[in-house]
Amino acid sequence: MKIDLKQAADVITKYKNFVITSHVNPDGDALGSVLGLAHYLKAIGKNVTCLIDDDLPANFNILPGYELLSKPGQIIEKIDLLIVLDTGIDRIGQIKELANAPILNIDHHISNNSTVDYLYVDPDRAATGEIIFQLLKFMKAAFDKNIATCLYTAIATDCGFFRYANTTALTMRIGAELLEFDVKPNLISEAIEKKTLTAVRGIALALNTLEIFKNGKIALLAITQDILAQCVSTEGFIDLARIIEGVDVAVMVKYVDENTCRISMRSKTTNVSLIAETFGGGGHIRAAGCTMHAPVGAAKETIVAAIEQSMEDSYNA
Ligand code: 5GP
Ligand code: MN
Ligand code: MN
């Protein structure tokens, strides 16, 4: 059932025991939104467990409450509500099966049409963190440094530190208001940008795989098993393809196993969410992804063909 912000607040007020979760391969918006909401719910006397069914990126250990995040181990008993943030229920790993409770799903992904008890999706918000900010305002929350740091990180990371097209005047206003609570924007961006020497050397290997298609409009990086072994994280790699002059769609194909790849896409004009959806994924118009059941070489061909087709369709439209 689709709900508004007031109904979301009512649902939260009604219950006492919560699990809050977000997507696998968690990013700043996922972790910041989960922890920002968790700090508030704890402050008003609720019982909260924060679960992410994946490994956590260590760079985010600057988030207050990072130690509260854990992987689900077993069936989670005695909870009243499962809150799913920054994703539909298709990307939360095993948590849907482990937490048998009504679901409140709050998200900003245009492709989210999850069937849940309570669904609040606002695709005009740059980050789920913005929606949590609005929800907390609605609930007359007392903001503090912990909540503000988490929500600032959530918002800043999803809008490229206030540079991407999803950055609105409201994004800036919310960011400004959060900074009033002694948030340190430089420390947050430094922690998130930080890479080990090995990881920086991994960037060189990734760049060596760069291929250009469609007269320079598509740039592709292929992260094979060998390259993956030398770089802990591929966070930010796709931006190296995205920033090339004349490129509309940057795509990264990343090895998972012999027959599985993760696809990431970024675009300036092409709707990459639609392309990702045709392969069972989703996201936003300018940033989307999916999983493809193919080896890296075949996945590359399939995704480049799909992007080329989508570009041709839009020229002909
Ligand atoms: P990334 O390339 O950073 O993994 O993802 C870019 C955007 O696409 C993110 O907003 C993410 O939530 C979305 N996305 C990535 N992979 C998937 C997927 O497999 N399914 C869906 N529904 N969204 C995805
Ligand atoms: Mn996210
Ligand atoms: Mn997000």
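Helices (H or I, at least four residues) and strands (E, at least two) are DSSP runs, numbered from the N terminus. The structure is a predicted model, in which local features need pLDDT of at least 70 and side-chain atom pairs count only at pLDDT 80 or more, while totals for chains, interfaces and linings use all residues; side-chain values use heavy atoms, with hydrogens and water left out. Residues are numbered from 1 along each chain as its sequence is written, and chains are lettered from A and ligands numbered from 1 in the order in which they are written. The chain is assigned domain 1 (5-192) and domain 2 (197-316), with bounds that come from an automatic or database domain assignment. Ligand 1 lies between these two domains, because both give residues to the shell around it.

**Domains**

- The centres of domain 1 and domain 2, taken over C-alpha atoms, are 27 Å apart.
- Domain 1 puts 7 residues into the contact and domain 2 puts in 9 residues, where contact means heavy atoms within 4.5 Å.

**Ligand 1**

- The shell around ligand 1 holds 14 residues, and the closest are H109, R262, S264, R266 and A288; a residue is near a molecule or strand if one of its heavy atoms lies within 4 Å of it.
- By class, the shell around ligand 1 has 3 nonpolar, 7 polar and 4 charged residues. Ala, Val, Leu, Ile, Met, Phe, Trp, Tyr, Cys and Pro count as nonpolar, Asp, Glu, Lys and Arg as charged, and the others, Gly among them, as polar.
- Strands β10 (260-267), β11 (282-283) and β12 (287-292) each supply at least two residues of this shell, and β12 gives the most, with 4 residues.
- An oxygen atom of ligand 1 lies 3.1 Å from a polar side-chain atom of R91.
- H284 has a side-chain N or O atom 3.2 Å from an oxygen atom of ligand 1.
- At G282 a polar backbone atom is 3.2 Å from a nitrogen atom of ligand 1.
- Ligand 1 taken alone exposes 500 Å², of which the protein buries 83%. Accessible areas come from the Shrake-Rupley method with a 1.4 Å probe; for residues, only the protein chains shown count as cover.

- H108 lies in the loop between β5 (103-107) and β6 (118-121) and counts as buried at 2% relative accessibility. Buried means under 20% relative accessible area, exposed over 50%, and partly exposed in between (1.4 Å probe, protein chains only).
- The side chains of H108 and D86 are joined by a polar contact of 3.1 Å. A polar contact is a pair of N or O atoms within 3.5 Å; within protein, one must be able to donate a hydrogen and the other to accept it, and residues adjacent in sequence count only if both atoms are side-chain atoms.
- A polar atom of the H108 side chain also lies 3.0 Å from the backbone oxygen of R125.
- Leaving aside neighbours within four places in sequence, the contacts of H108 include D29, D86, R125, I131, D158 and H284.
- E130 is in helix α4 (residues 128-138) and is buried, with a relative accessible area of 0%.
- The E130 side chain makes a polar contact of 2.6 Å with the side chain of T171.
- Not counting residues up to four places away in sequence, E130 touches R125, I155, T171 and I174.

- Y152, in helix α5, is buried at a relative accessible area of 6%.
- Beyond its neighbours within four places in sequence, Y152 is in contact with F162, G175, L178, L179, V183, P185 and I188.
- I307, in helix α12 (residues 296-316), counts as buried at 0% relative accessibility.
- With residues up to four places away in sequence not counted, I307 touches I218, V249, V251, M265 and I275.

**Positive phi in loops**

- K140 is not a glycine but has a positive phi of about 55°. K140 lies in the loop between α4 and α5 (145-158) and counts as exposed at 73% relative accessibility.
- N215, not a glycine, has a positive phi of about 55°. N215 is in the loop between β7 (211-213) and β8 (218-223) and counts as exposed at 80% relative accessibility.
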